[in-house]
Amino acid sequence: MRFRTTLGNGLLAAGLGGLGNSYYSLFLVDGKLNLHSGLIDVFEGIWLGDKLNNTEWQTINVVVTPSHLILGINGKLQAKHQVNQVGENSTTFFHTFIGGTTRTNAFLSKSVANFTGCMEDIEVNGVKITDCLLYTSDAADE
């Protein structure tokens, strides 16, 4: 996906799987990209980039395979970490949140505000996300 913003902090995306440690949260923190996941042994998460809140379009990629979690920015910076297998489908995410989460899944945001800015070219599992595929479930949380 691509994003641009002037704000230094916000939840860009999050995913939730069927098993307890099967989650990821992708944040913009002080203009840097930060990826947290129960699938890797990195307490502070993966950090990449700097000054990504400079109003220019930033392209980010998150790839989860059965063996690795990979994070890339603008086709240049990349981090790769081995995945801790906690079950057969531990790298399967059943719910994907873009720009924020529902109240029920607020733990994924770690108290970081929802993203404010522009997003485009969002693709999940090879499927381009369009307005007609988006679903807001805050009403279902009540």
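Strand β2 (residues 10-17) pairs with β9 in the antiparallel sense over five bridges, where strands are DSSP runs of E of at least two residues, helices are runs of H or I of at least four, and both are numbered from the N terminus. Two strands count as paired if DSSP finds at least two bridges between them. Within β9, Phe93 stands opposite Gly17. The structure is a predicted model, in which local features need pLDDT of at least 70 and side-chain atom pairs count only at pLDDT 80 or more, while totals for chains, interfaces and linings use all residues. Residues are numbered from 1 along each chain as its sequence is written, and side-chain values use heavy atoms, with hydrogens and water left out.

The pairing of β2 and β9 belongs to an open sheet of five strands in the order β5-β4-β3-β2-β9, with antiparallel pairing. Strands β5 (46-48) and β9 (93-98) stand at the edges with a single partner strand each, so one side of each is left without a neighbour in the sheet. From one strand to the next the twist averages 15 degrees, with axes taken as lines fitted to C-alpha atoms and angles running from 0 to 180 degrees between N-to-C directions.

A search of the whole structure finds three salt bridges, defined as a side-chain nitrogen of Lys or Arg within 4 Å of a carboxyl oxygen of Asp or Glu. In one of them, Glu120 meets Arg2 at 2.6 Å, N to O. This pair links distant parts of the chain, with Glu120 in strand β10 (residues 118-120) and Arg2 in strand β1, 118 residues apart. Arg2 also meets Asp121, at 3.4 Å, N to O. Here the partners are 119 residues apart, Arg2 in strand β1 and Asp121 in the loop between β10 and β11 (123-124). Asp121 in turn forms a salt bridge with Lys128 at 3.1 Å, N to O.

Relative accessible area is 23% for Arg2, 28% for Glu120, 37% for Asp121 and 48% for Lys128. Arg2 is partly exposed, as is Lys128 (buried means under 20%, exposed over 50%, partly exposed in between; 1.4 Å probe, protein chains only).

The chain averages a pLDDT of 82, and 83% of the residues score at least 70; pLDDT is the predictor's confidence in each residue, from 0 to 100. Among the elements of the chain, strand β1 (residues 2-4) has the highest mean pLDDT (96) and helix α1 (residues 138-141) the lowest (45). Over residues 137-142 pLDDT stays under 50, and the model has nine contacts beyond four places in sequence for them (heavy atoms within 4.5 Å).
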